[in-house]
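Please read each point with the coordinates open beside it.

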Amino acid sequence: MELGGPEFSFPLRKKREIWCEELETLYSKAVSNQWSAARDIPWNKLPKLPKEVEGAVCQVMTFLTENEFAALYVPARFLARIHPHYREVTAVLAMQVVDEARHVEVFTRRAEEGGLGLGTTANSSQLSLQTLIEEPDFSTAFFLLSVMGEGTFLSLLKFLEDHAPDPVTAALMRLAHRDEGRHVAFGTGHLRYLLAAEPERRASLAAAVERRSQMLAAVSGLSPYVHDALVVYSGGGLSPAQIRKGAACVSGLHREMDRSRRERLQALGFGAQDAESLSAYHTKNFM
Ligand SMILES: [Fe+2]
Ligand SMILES: [Fe+2]
């Protein structure tokens with residue numbers, strides 16, 4: 001660099017604060033797995049669903065869309081703070097922002113394509129996402145977003161693919177799940193790198209999850225809009241037998257989310273008991 005140039009303030013300038021050993025693989029996977037709403041989704045195969053099922057799909061799409069926005073804003077707000085020396089991190093996070101923009105696009109489009117459009121955004125979801133978007137520390141933000149939130153979303157997207165009422169929704173869930181797998185891998189890889197050097201950071205990460213859960217103490221559980229929509233979505237309708245089936249499916253989903261969160265936390269070196277309590281503290285909003 002020529003002498004006398006301007007000073008840039010890039011607050012993220014220590015390798016440990018941002019690095020992940022798998023960046024090269026993650027970037028090349030992200031580039032080769034790009035897909036397009038226009039080219040890769042069989043929109044013309046969308047059937048006319050019973051109104052209650054289509055309504056449930058639209059409510060689920062609304063919930064997904066607002067969460068996708070949070071997943072877009074978190075990497076986006078950190079991107080411009082990373083010193084360009086770490087171009088590999090910038091590249092992976094830029095791809096992540098593109099992925100989330102596509103998720104926002106397709107989930108919104110799925111809601112509109114069926115004729116009903118987006119549903120209701122609950123205050124509980126908004127409150128949960130606000131605590132995520134405003135987290136100022138890079139590692140804590142990616143712990144909350146990727147390890148806890150997007151990790152939980154892997155279970156959700158798999159559930160939504162398995163129970164999808166139409167081939168369009170199933171295709172969206174399968175492709176979004178593949179993208180989210182990479183996002184979770186970045187967050188987990190970064191935390192693995194950081195914790196290898198600073199194992200004591202586990203305590204502050206755990207404290208962040210607890211703090212967030214206290215801020216959301218007024219939120220008793222998953223928004224009823226989302227819960228009911230998931231029941232109808234997986235049960236296939238509103239008859240008592242369908243509701244019973246859907247409610248059982250959704251309980252199974254909660255158990256699977258908890259199991260996989262504990263597994264990811266233990267893989268990062270948290271003890272079994274800490275993993276159990278952190279998983280229980282995780283926001284009922286899933287993200
Ligand atoms: Fe996403
Ligand atoms: Fe994501």
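**Notes on the predicted model**

1. The buried residues of helix 11 are Gly246, Cys249, Val250, Leu253, Met257, Ser260, Arg261, Arg264 and Leu265, where buried means under 20% relative accessible area, exposed over 50% and partly exposed in between, with a 1.4 Å probe and protein chains only. Helices here are DSSP runs of H or I with at least four residues, strands are runs of E with at least two, and both are numbered from the N terminus. The cover over these buried residues of helix 11 includes helix 7 (138-162), helix 8, helix 10 (224-235) and helix 12.

2. On conventions, this is a predicted model in which local features need pLDDT of at least 70 and side-chain atom pairs count only at pLDDT 80 or more, while totals for chains, interfaces and linings use all residues. Residues are numbered from 1 along each chain as its sequence is written, chains are lettered from A and ligands numbered from 1 in the order in which they are written, and side-chain values use heavy atoms, with hydrogens and water left out.

3. The length of helix 11 (residues 240-267) agrees with expectation, because its 28 residues should span 40 Å at 1.5 Å a residue and its end C-alpha atoms are 41 Å apart; the expected span is 1.5 Å times one less than the number of residues. Helix 11 is followed by Gly269, which has a positive phi near 95 degrees.

4. The iron ion (ligand 1) is coordinated by Glu68 (OE), Glu100 (OE), His103 (ND1) and Glu180 (OE), at 1.9 to 2.2 Å. Donors are N, O and S atoms within 2.8 Å of the metal (3.2 Å for Na, K and Ca), and water is not among the atoms, so sites may look incomplete. The angles among the four donor atoms of the iron ion (ligand 1) run from 83 to 151 degrees, and the site is irregular. By the criteria used, four donors count as tetrahedral if all angles lie between 85 and 135 degrees; four count as square planar and six as octahedral if opposite donors are over 155 degrees apart and all others between 65 and 115; anything else is irregular. Along the chain, the donors of the iron ion (ligand 1) follow the spacing E-x31-E-x2-H-x76-E. Glu100 lies in helix 5 (residues 87-113) and Glu180 in helix 8 (residues 167-197), so this pair ties together parts that are 80 residues apart in sequence.

5. With Glu100 in helix 5 and His183 in helix 8, the pair ties together parts that are 83 residues apart in sequence. The iron ion (ligand 2) and the iron ion (ligand 1) are 3.5 Å apart, and Glu100 coordinates both. Glu100 is buried at a relative accessible area of 0%, Glu180 counts as buried at 2%, and His183 is buried too.

6. The largest nonpolar core has 81 residues, and those with the most contacts inside it are Leu64, Phe143, Leu156, Phe186 and Leu230. Its largest share, 14 residues, comes from helix 4 (residues 51-79). Such a core is a set of buried Ala, Val, Leu, Ile, Met, Phe, Trp, Tyr and Cys residues joined through side-chain atoms within 4.5 Å. Leaving aside neighbours within four places in sequence, Leu230 is in contact (heavy atoms within 4.5 Å) with Val60, Leu156, Phe159, Leu160, Leu222, Val250, Leu253 and Phe286.

7. Most residues other than glycine have a negative phi. Phe286 is found in the segment after helix 12 (272-281) and is buried, with a relative accessible area of 3%.

8. Thr131, in helix 6 (residues 123-133), counts as buried at 14% relative accessibility. A polar contact of 2.7 Å joins the side chains of Thr131 and Arg212; the term denotes a pair of N or O atoms within 3.5 Å, where within protein one must be able to donate a hydrogen and the other to accept it, and residues adjacent in sequence count only if both atoms are side-chain atoms. A polar atom of the Thr131 side chain also lies 2.6 Å from the backbone oxygen of Ser128.
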